[in-house]
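Thanks for coming. Please have a look at the structure.

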Amino acid sequence: MRSVVVTGASGGIGSATALRLAACGWDVIGTARSQEKADALTVVAAAQGRRLRTVVLDVAEPASCREAMARVEEMTGGGAWAVVNNAGVPQAGALQDVSDEQARHLLEVNLLGAMRICRLALPGMRRRGEGRIVNVSSGLGRVPRPMGGWYSASKHALSALTHCLRVEMAHAGVKVALVEPGAFATAMLDRAVVDLAGTDPSGGAGYDRMRDLFTAVNRRVPGPEPVARAITRSLSSRRPRARYTVGLDARLLVPLHAMSPLWLTDRVKHRVSGLPRTLPGPGRSGPGQETA
């Protein structure tokens, strides 16, 4: 039975992935930031007739990462065969309103933490001459979203590092895949709404529209099971794809954004976000003074 570590397994995509892999016969080790959340995951799994193990891990803390992965090495007798780096945070808000501290925490979780887990897992995989790493990015890593620039930046960077890691580790028998979900109903969107409410806006342009948009999207999109299925395929396939883009919105928006001129994508983003394109004021009708 092959072992797999799933970070951020206490909810959303992580929970759906851990439970699905357990149902498929994997030796799943799900991580959570607290023992309470880890115990809750175990209870949910048991209620569904599935068995998994848990480890407490805060990917933003280097010491916690080292301790957790050392524990995984003991539990598996040499290290997990696979790692799914899923843990992430949104941190919504205009770039001028997100503090250095908030940005650093986002990068620690979404980028540095994920790569830290990779570094800690790779020695065992290299000793065995095989292994899998799946990094969960986002379609927003290729379609930057206003009022969420730091999130898009972190996922864009994670995608770049994943593509490099895939080439660097091929000779060691370690296959690396990227999963890019679109919008799915998880606590991430709820947290993004909280971020918008808690950020101190310097004028507030776009905040109300984005809060309404996040809330509406979370009510209409499906749950995270399609992403869990894609992650399972990437781990089970003999020749996993380099990238799995999941969700109709991501599969449509990513190529459309890449093919469209920036003036057009900027205009669409202004319209969707509610951010004005010009300085507001009465009687402004000259060239370049049109409104969104």
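**The cavity and the salt bridges**

Let me start inside. The largest cavity is lined by Thr7, Val59, Asn85, Asn86, Ala87, Val109, Gly113 and Ala114. This is a predicted model, and the cavity has about 30 Å³ of space in it. The structure has one cavity of 30 Å³ or more. Helix α4, residues 100-128, gives the largest share of the lining, three residues. By type, the lining has four nonpolar residues, four polar ones and no charged ones.

How far can we trust the model? The mean pLDDT of the protein is 93, with 95% of residues at 70 or more. Over residues 285-292, though, the pLDDT is below 50.

Now the salt bridges. There are nine in the whole structure. One of them joins Asp27 and Arg53, with the closest N and O atoms 2.6 Å apart. Asp27 is in strand β2 and Arg53 in strand β3, so this pair ties together parts 26 residues apart in sequence. Asp27 is buried, at 12% relative accessible area, while Arg53 is partly exposed, at 23%.

Other salt bridges sit within a helix. Arg71 and Glu74 pair up at 3.5 Å between the closest N and O atoms. They are three residues apart in helix α3, about one helical turn. Arg71 is partly exposed at 44%, and Glu74 is exposed at 59%.

In helix α7, Asp208 and Arg211 are also three residues apart, and their side chains meet at 2.3 Å, N to O. Asp208 is exposed, at 51%; Arg211 is partly exposed, at 23%.

Note on methods. Residues numbered from 1 in each chain as written. Predicted model: local features only at pLDDT ≥ 70, side-chain atom pairs only at ≥ 80, totals over all residues. Heavy atoms only, no water. pLDDT = per-residue confidence, 0-100. Contact = heavy atoms within 4.5 Å. 1 Å grid on protein atoms, 1.4 Å probe; cavity = no way out; pocket = protein on both sides within 12 Å on 5 of 7 lines; lining within 4 Å. Points joined across faces, edges and corners; volume = space filled by probe spheres on them. Helix = DSSP H or I, 4+ residues; strand = E, 2+ residues; numbered from the N terminus. Nonpolar A, V, L, I, M, F, W, Y, C, P; charged D, E, K, R; others polar. Salt bridge = Lys/Arg side-chain N within 4 Å of Asp/Glu carboxyl O. Buried < 20%, exposed > 50% of the residue type's maximum accessible area, 1.4 Å probe, protein only.
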